[in-house]
Amino acid sequence: MKKLEKRSWAEPFKIKVVEPIKMTSKEHRLEAVKEAGYNTFLLKSEDVYIDLLTDSGTNAMSDYQWAGMMIGDEAYAGSKNFYYLWDNVKKFYGMPYFVPTHQGRAAEHMVSQILIKKGDYVPGNMYFTTTRLHQELAGATFVDVIIDEAHDPGDPHPFKGNVDVNKLDKLVQEVGADKIPYVCIAGPVNMAGGQPFSMANLKEVKSYCDTKGIDLWFDATRAVENAYFIKTREEGYADKTITEILFEICSYFEGLWVSAKKDLMVNIGGIFATKNKDVFEQARNLVVVYEGLHTYGGLAGRDMEAMARGMEEMVQYDNVRARIGQVEYCGNRLEEFGIPFVKPIGGHAIFLDAKAFLDHLPQDQFPAQTLAAEIYIDSGVRGMERGIVSAGRDPKTGDHRYPKLELVRLTFPRRVYTQAHIDVTVESIASVYENRKNIKGLKMVYEPKYLRFFQGRFDRL
Ligand SMILES: *Cc1c(COP(=O)(O)O)cnc(C)c1O
């Protein structure tokens with residue numbers, strides 16, 4: 001008889017509605033991935049069995065959120081859902097001024113256009129694709145000031161999202177504080193493997209920036225997950241609630257933006273929020289040009305209601321714990337097979353280390369792109385490339401950027417998949433790993449100008 005060694009946990013919800021998924025054969029998948037140019041972004045969703053492409057807008061809403069969808073006030077101006085959402089932005093993010101947007105990048109566009117002048121520099125704790133592009137389109141040069149540990153997939157640092165204040169100071173010395181409109185902080189840092197920053201580091205950055213008169217702006221898209229890591233890893237926060245920690249984080253910033261498609265567990269939506277009345281007024285004006293009136297910002301009233309309700313659920317400890325617990329479960333099982341991935345296990349995703357996984361492929365044969373395609377062929381599990389393709393080209397030299405991290409991201413939509421789905425995923429990756437020496441690389445046959453990872457096409461070498 002087996003002795004009881006541990007007590008398991010389970011999700012704080014049960015399933016009320018199900019969506020059938022198609023089972024496909026390997027022949028079908030070989031054909032489908034070829035047709036998609038070996039780019040998992042170009043696969044048809046119905047050809048995918050377990051979709052770990054992204055957790056963006058792919059979350060399962062609760063019955064409370066769906067009920068809210070029925071009371072959408074679809075007035076062009078002054079919808080009551082807008083005012084309820086605004087109240088919750090104040091309550092959870094602590095920002096008095098708010099403009100809704102249809103997605104996070106629309107808010108990034110406004111932040112960049114309002115704050116950046118041509119020739120400016122924007123330091124950040126590693127880049128995010130859309131964030132950096134909007135900063136560059138506004139005329140700024142992005143400068144990575146994250147700690148070195150973030151670029152090492154094996155380093156166990158608990159807060160790999162931290163800013164290296166020496167790197168930041170070096171930039172300030174070089175270009176002058178007046179060329180730095182703001183420091184851009186995100187957490188957990190997606191491109192580093194879902195790695196959080198610590199409150200201590202944030203406070204240190206804030207006090208440094210105060211001496212130089214530079215503001216902090218926050219990509220708060222995954223802030224709840226960062227708050228969870230602070231609660232579970234940082235001294236002094238174990239007894240604080242997620243709500244309290246989130247509120248404290250936001251208090252150090254002049255303003256923030258959110259892609260509601262992540263933490264807020266909805267399918268669409270974005271937030272621009274700030275303490276700065278002048279910046280707010282500019283955003284409220286700019287939103288009319290690109291999104292719609294400032295009381296709907298490209299969203300239906302029902303979407304704003306679902307966002308407001310999602311915000312109330314996102315801060316519930318058991319919800320965050322189940323979400324991050326599922327990622328941990330996947331990581332622990334991959335570990336059993338010796339599969340290389342970024343440590344510590346991140347907040348929203350597992351990042352397979354494609355450089356180590358396919359160590360016979362040079363980086364310009366796109367190891368991560370290749371690995372994502374191979375996993376799809378094996379089982380219909382869809383992940384995505386986060387490596388040389390995502391990093392794009394240097395706007396000055398036109399060469400590929402060669403990032404240190406060459407990763408395949410397996411991202412877990414919130415409240416969507418069961419532990420059995422995770423087991424199937426892990427076993428598929430283990431099978432590809434056993435066969436890894438036979439895998440050949442890819443060549444790029446079509447390259448779009450912007451964000452090439454979305455639409456680029458490849459062929460087998
Ligand atoms: C998704 C995301 C964005 C962009 O938001 P969209 O809603 O996809 O436009 C920006 N920053 C981070 C950290 C994100 O995860």
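Here are some notes on this predicted model, going from the overall fold down to a handful of individual residues.

1. Overall build. The protein has 17 helices and 14 strands. Its C-alpha atoms take up a box of roughly 60 × 55 × 45 Å along the principal axes.

2. Packing and contacts. Of the 461 residues, 58% are buried. If you take the contacts between residues at least 6 apart in sequence, 72% of them join residues at least 24 apart.

3. Surface and charge. The accessible surface comes to about 19,600 Å², and carbon and sulfur atoms own 51% of that. On the charge side, there are 58 positive and 63 negative side chains. The centres of these two sets sit 2 Å apart.

4. Aromatic pairs. How many aromatic pairs does a search of the whole structure find? The count is 16. One of them is F218 with F253: the ring centres are 4.4 Å apart and the planes meet at 15°, so this pair is stacked. F218 belongs to strand β6 (residues 215–219), while F253 is in the loop between α9 (242–251) and β7 (255–259), so the pair ties together parts that are 35 residues apart in sequence. Both ends are out of the solvent by the numbers: F218 is buried with a relative accessible area of 0%, and F253 counts as buried at 1%.

5. An edge-to-face pair. Y228 and F229 make an aromatic pair too, with 5.9 Å from centre to centre and 70° between the planes, which is edge-to-face. Are these residues buried or exposed? Y228 counts as buried at 8% relative accessibility, and F229 counts as buried at 2%.

6. An aromatic cluster. Worth a look in the viewer: ring pairs link F82, Y83, W86, Y97, F98 and F280 into a cluster.

7. The cis bond at P188. The peptide bond from G187 to P188 is cis, with omega near -10°. P188 is in the loop between β5 (182–186) and α7 (199–212).

8. The cis bond at P344. There is also a cis peptide bond from K343 to P344, with omega near -10°. Where is P344 found? It is in the loop between α12 (317–336) and β9 (349–353). P344 counts as buried, with a relative accessibility of 15%, because the cut-off for buried is under 20%.

9. Who surrounds P344. Leaving out residues up to four places away in sequence, P344 touches D155, P156, H157, P158, K160, Q195 and R233. P158 deserves a separate mention: P344 and P158 are 186 residues apart in sequence, yet their C-alpha atoms are 6.9 Å apart in space.

10. Positive phi at M126. This is a residue other than glycine with a positive phi, near 65°. M126 is in the loop between β3 (121–124) and α5 (129–137). At 8% relative accessibility, M126 counts as buried.

11. Positive phi at M265. M265 is not a glycine either, and its phi is positive at about 60°. M265 is found in the loop between β7 and β8 (270–274). With 4% relative accessibility, M265 counts as buried.

12. Where I would point the viewer.

Conventions
Residues are numbered from 1 along each chain as its sequence is written. This is a predicted model: local features need pLDDT of at least 70, side-chain atom pairs count only at pLDDT 80 or more; totals for chains, interfaces and linings use all residues. Side-chain values use heavy atoms; hydrogens and water are left out. Helices (H or I, at least four residues) and strands (E, at least two) are DSSP runs, numbered from the N terminus. Buried means under 20% relative accessible area, exposed over 50%, partly exposed in between (1.4 Å probe, protein chains only). Contact means heavy atoms within 4.5 Å. Accessible areas come from the Shrake-Rupley method with a 1.4 Å probe; for residues, only the protein chains shown count as cover. Lys and Arg count as positive and Asp and Glu as negative; His and the chain ends are not counted. The place of a charge is taken as NZ of Lys, CZ of Arg, CG of Asp or CD of Glu. Rings of Phe, Tyr and Trp (its six-membered ring) pair if their centres lie within 6.5 Å; planes under 30 degrees apart count as stacked, over 60 as edge-to-face and the rest as tilted.
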